[in-house]
2 protein chains.
Amino acid sequence: MKELQQWVRFVEAGRLSFGILEGERIAEFSGDIFDQPRATGRLVELRAVTLLAPCSPGKMVALWNNFHALGLKLGKEPPQHPLFFIKPPSCIIGPDEPIQRPTGYAGKIVFEGELGVVIGRRAKDVALADAAAHIFGYTCVNDVTAADVLNESPDFAQWCRAKSYDTFGCLGPAIVTGLDIDAARVSTRLDGALRQDYPLADMIMAPAELVSLLSFDMTLMPGDVIACGTSVGVGSIKAGSAVEVSITGLGSLTNVLAP
Amino acid sequence: MKELQQWVRFVEAGRLSFGILEGERIAEFSGDIFDQPRATGRLVELRAVTLLAPCSPGKMVALWNNFHALGLKLGKEPPQHPLFFIKPPSCIIGPDEPIQRPTGYAGKIVFEGELGVVIGRRAKDVALADAAAHIFGYTCVNDVTAADVLNESPDFAQWCRAKSYDTFGCLGPAIVTGLDIDAARVSTRLDGALRQDYPLADMIMAPAELVSLLSFDMTLMPGDVIACGTSVGVGSIKAGSAVEVSITGLGSLTNVLAP
């Protein structure tokens, strides 16, 4: 069992760094966060830095139809294998960075609060029993979607396009290690009003199973993120509104749709 | 107009490098291939190195239904905007690297010969008139597909999964700059037999238009690749068979499905 730690990435006076959040301070580390990082001994005031997305995924594998409650509502059978699309590195933003409306797109922009699984160790064809050891920790995800793009073409569902716009992959505030998330809940607030509040226990495929199954589809690399899919209660974001995704033990991720 | 050059990446005695192919030799460069690389003055014998994929894309944006001939055959209208899925960095291989059958998958594996557009300069919301300047060059792509996975679920077309398996993004042998590809043809041979032979002039959206339109969907970064979609003649690959994608002026990319 890993120690419970909150890893953050940040910019301090123009310099990119990372470390472990301890109350209002960050214990700085150097090296590779996923490969025996070393404490520098420096303590940095949280209020003096800008937090970034806590990792820089080479890919975000994002699930569709992974919660029983939403599947029931949509009238969809639970899948036999994770159904996913891919969000590219260019869409990732961190806590408090604004979500930007795509140039030329006037349609609906939707929030989806989700659990993010951060890979810690290269995972290829990993058995279920070994999968948990490949998870570094967990974070909050807002899988933002340009809803009107998704079914714009009658011939081709545009999952990747609708979800890959710059700033549509909100991640953070920290990667929390050593936390048992089985009993956790995902709560999403829109301008403070509770819009999603669902238990992770309702997941069709849980994190270790996802890591194992997805590792047969592609090699998962350290820093890659699996967005575990959302449940009921998603809705659209107006310009200037704040979306806050909170997960028990993982803190809160807030992003405003730029006015 | 850029000078006509063939850029390759290679490993020589365990060391990663890159340069310009000149007949049977490579003029080595150092630095960033996309940002004023410098000639080292060294000439390396081509036969002494192993060629890699000529770049290392952060994302491959791969098109569906971008050739009139294939659209007609499938009975699909030409799209108004590029229809695409994303292939992740983990699927990329170079010339002569074997394509690997995914563990546990016994179904059909299909080749798709395509033109690859390599981005040379960060592209966000780029007007059509400015788009060509963001293209570094062109290369050959084999967009390998696990055909039976694509429609395995009645609810969700699995484009990303079917096309993201490790080794399913074949790229190379070189990035050719300064070439007018309007009159070029894509030829795909399976164990020497011609299976695809189509003109790039039949593209629904040509490279500059693709770069412009896609740059409104996501920021394209140097080294990112747009796979322009395939046309008629795709087919399945048997274990041990070689697929050779050749494009006029761009050379040939050969990959064997591992026996």
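1. Start with a strand pair in chain B. Ile26(B) has Val44(B) as its bridge partner in β4(B). The two strands involved are β3 (residues 25-32) and β4 (residues 35-45) of chain B, which run antiparallel and are joined by six bridges. Two residues separate β3(B) from β4(B), and the strands form a hairpin. This is a predicted model.

2. Strand β9 (residues 109-111) of chain A is tied to β17(A) by two bridges, in the antiparallel sense. Phe111(A) finds its bridge partner in β17(A) at Gly235(A).

3. Symmetry of the two chains. Chain A superposes on chain B by a rotation of 180 degrees, with 0.0 Å of shift along the axis and an RMSD of 0.0 Å. The copies are thus related as by a two-fold rotation axis. Both copies use the same surface: 100% of the contact residues of chain A recur in chain B. Which residue of chain A comes closest to the rotation axis? That is Ile86(A), with its C-alpha at 3.1 Å.

4. Aromatic pairs within a chain. Over all chains, 22 aromatic pairs are counted. One of them is Trp7(A) with Phe29(A), edge-to-face, at 4.9 Å centre to centre and 65 degrees between the planes. This pair links distant parts of the chain: Trp7(A) sits in strand β1 (residues 5-12) and Phe29(A) in strand β3 (residues 25-32) of chain A, 22 residues apart. Trp7(A) is buried, at a relative accessible area of 5%. Phe29(A) is buried too, at 15%. Both residues belong to one aromatic cluster, together with Phe18(A), Phe34(A) and Phe136(A).

5. An aromatic pair between chains. Trp159(A) and Phe156(B) form a tilted pair, 5.1 Å centre to centre with 40 degrees between the planes. Trp159(A) lies in helix α4 (residues 159-164) of chain A, while Phe156(B) lies in the loop between α3 (147-150) and α4 (159-164) of chain B, so the pair joins two chains. Are these two residues buried or exposed? Trp159(A) counts as buried at 17% relative accessibility. The cut-off for buried is under 20%. Phe156(B) counts as buried at 2%.

6. The cavity. How many cavities of 30 Å³ or more does a search of the whole structure find? The search finds one. The volume of the largest cavity is about 70 Å³. Its lining draws on both chains: Phe84, Phe85, Phe156, Ala157, Trp159 and Cys160 of chain A, and Phe84, Phe85, Phe156, Ala157, Trp159 and Cys160 of chain B. Trp159(A) and Phe156(B), the tilted pair of point 5, are thus among the lining residues. By element, β7 (83-87) and α4 of chain A, and β7 and α4 of chain B, each supply at least two residues of this lining.

7. Helix α5 of chain B. This helix spans residues 207-215, and its buried residues are Pro207(B), Leu210(B), Val211(B), Ser212(B), Leu214(B) and Ser215(B). In an α-helix, residues three or four places apart point the same way, because there are 3.6 residues a turn. The buried residues of α5(B) pack against the strands β6 (60-64), β7 (83-87), β10 (113-119), β11 (135-143) and β16 (225-227) of chain B, and against helix α2 (128-131) of chain B.

Methods: Residues numbered from 1 in each chain as written. Chains lettered and ligands numbered in written order. Predicted model: local features only at pLDDT ≥ 70, side-chain atom pairs only at ≥ 80, totals over all residues. Heavy atoms only, no water. Buried < 20%, exposed > 50% of the residue type's maximum accessible area, 1.4 Å probe, protein only. Helix = DSSP H or I, 4+ residues; strand = E, 2+ residues; numbered from the N terminus. Contact = heavy atoms within 4.5 Å. Pairing = 2+ DSSP bridges. Least-squares fit on C-alpha atoms with pLDDT ≥ 70 in both. Phe/Tyr/Trp six-rings, centres within 6.5 Å; stacked < 30°, edge-to-face > 60°. 1 Å grid on protein atoms, 1.4 Å probe; cavity = no way out; pocket = protein on both sides within 12 Å on 5 of 7 lines; lining within 4 Å. Points joined across faces, edges and corners; volume = space filled by probe spheres on them.
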